[in-house]
Amino acid sequence: MNLGKDLKSIRKNKTYSQVEVASNIISQSTYSKFEAGIRDVDASIYLQLLHRLNISAEEFDYIRNDYNYRRKQKLIHTLFSLDYNHIASLHKLKQQTVNFLQEQRDEDIEEIYLICEAFIQLHDTKSIDVARNIVKPIWKYMSKYEQWYLNDIRIINTILFLFPADIAIEFTQTVLTRLNMYKDFQDAERLKIAFKINLSLILIKNKDYAKALAIIEESLRTDKKNMSYTILSLHYSREAICRANLQEKAGANPLEKAHQLLMLYDDQYYWELIQQEFNHYTLSRSNAD
């Protein structure tokens, strides 16, 4: 594993000299030996050198692996980019985790396996309780952590809706406080938005439309500029769900806002998903009327 050789390639591509990269970090002679593979440097020096070259450790590892994520990292990224309504993708990812775990034990990959199984069972049985019991081990040992890090927070966000509203609200408040420590760091702001919109659905399911609407309105006020078009349209559609159930009117129809936004991006698929959700959570009220 010649980290120095790969670092040298990046340095030369950026037209830095060894002196410029090593300055105030290590001596030029030590850095030269590192590039040549004659000696190693400790982790803190290694990270400083990457910082000097404006390359993250994750990107450097990606480059070193021939511009691919390593096997474990690829499984983690697949989980967080997955459409959980797509059952075939869930089965595929689950099998990939099985194959991985047959070769070595890994707690992160075991979590991904449990999450896939929970979503598959939720699809097959339509039972939140069944899915919740599958991911309980994740919930159990994460609740013992003194602090959560970003990957932990992403995992919690994935399974948040499986738990009772009071627990979900408590965990969301803890997460949002924790994410304040990650100010300006990578996708921390997007994670905050994701937790808020996911919590809104939990509250909608529990018919606490006023609290859900308050969360959505607050998120639209403070986070709108950081939202993707899909997340923004989801905020509008859930605002519409809450107002329909509260029998409130908005100045402009939020569901129509969602529709217009999605049509700008020709995203008919997401519009159909939003319509299904809107109809599901407003149909019972309409029937009651």
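Me: In which kind of interaction do the side chains of Glu 277 and Arg 238 meet, and how should I read the distance given for it?

Reply: They meet in a salt bridge, and the 2.9 Å is a distance from N to O. Please keep in mind throughout that this is a predicted model. The cut-off for a salt bridge is 4 Å between a side-chain nitrogen of Lys or Arg and a carboxyl oxygen of Asp or Glu, so a pair with 2.9 Å from N to O qualifies. Glu 277 belongs to helix H16 and Arg 238 to helix H14, so that the pair links distant parts of the chain, 39 residues apart. Both of these residues are buried.

Me: How many salt bridges are there by this rule, and which residues are linked in a network of them?

Reply: The count comes to 17 salt bridges. A network of salt bridges joins Glu 217, Glu 239, Arg 243 and Glu 248.

Me: Where in the chain do Lys 72 and Asp 108 lie, and are they buried or exposed, or something in between?

Reply: Their side chains also form a salt bridge, at 2.9 Å from N to O. Lys 72 is in helix H6 (residues 71-81) and Asp 108 is in helix H8 (residues 107-125), which places the partners in distant parts of the chain, 36 residues apart. As for accessibility, the relative accessible area of Lys 72 is 26%, which makes this residue partly exposed, and Asp 108, at 27%, is likewise counted as partly exposed.

Me: How is a pair of aromatic rings described, and how many aromatic pairs does the count give?

Reply: The description rests on the distance of the centres and the angle of the planes. Here the count comes to 11 aromatic pairs. In one of them, the rings of Tyr 229 and Tyr 265 have centres 3.9 Å apart and planes at 5 degrees, so the pair is stacked.

Me: Which residues do ring pairs link into a cluster, and which charged end sits over the ring of Tyr 149?

Reply: The cluster consists of Trp 139, Trp 148, Phe 163 and Phe 171. Over the ring of Tyr 149 sits the charged end of Arg 178, at 5.0 Å from the ring centre.

Me: With which residues is Arg 132 in contact, leaving aside its neighbours within four places in sequence?

Reply: Arg 132 is in contact with Leu 162, Phe 163 and Pro 164. Arg 132 itself has its place in helix H9 (residues 128-142), and with a relative accessible area of 19% it is buried.

Me: And how far apart are Ile 155 and Ile 115, in sequence and in space?

Reply: They are 40 residues apart in sequence and 8.8 Å apart from C-alpha to C-alpha. Ile 155 lies in helix H10 and is buried, with a relative accessible area of 2%. Beyond its neighbours within four places in sequence, Ile 155 has contacts that include Leu 79, Phe 80, Glu 111 and Ile 115.

Me: How many disulfides does the structure hold?

Reply: The number is zero.

Me: Where in the protein chain is confidence lowest, and where is it highest?

Reply: The mean pLDDT is lowest in H16, at 84, and highest in helix H7 (residues 87-103), at 97. For the protein chain the mean is 91, with 98% of its residues reaching 70 or more.

Key: Residues are numbered from 1 along each chain as its sequence is written. This is a predicted model: local features need pLDDT of at least 70, side-chain atom pairs count only at pLDDT 80 or more; totals for chains, interfaces and linings use all residues. Side-chain values use heavy atoms; hydrogens and water are left out. Rings of Phe, Tyr and Trp (its six-membered ring) pair if their centres lie within 6.5 Å; planes under 30 degrees apart count as stacked, over 60 as edge-to-face and the rest as tilted. A charge sits over a ring if NZ of Lys or CZ of Arg is within 6 Å of the ring centre and within 35 degrees of the ring normal. A disulfide is a pair of cysteine sulfur atoms within 2.5 Å. pLDDT is the predictor's confidence in each residue, from 0 to 100. Helices (H or I, at least four residues) and strands (E, at least two) are DSSP runs, numbered from the N terminus. Buried means under 20% relative accessible area, exposed over 50%, partly exposed in between (1.4 Å probe, protein chains only). Contact means heavy atoms within 4.5 Å.
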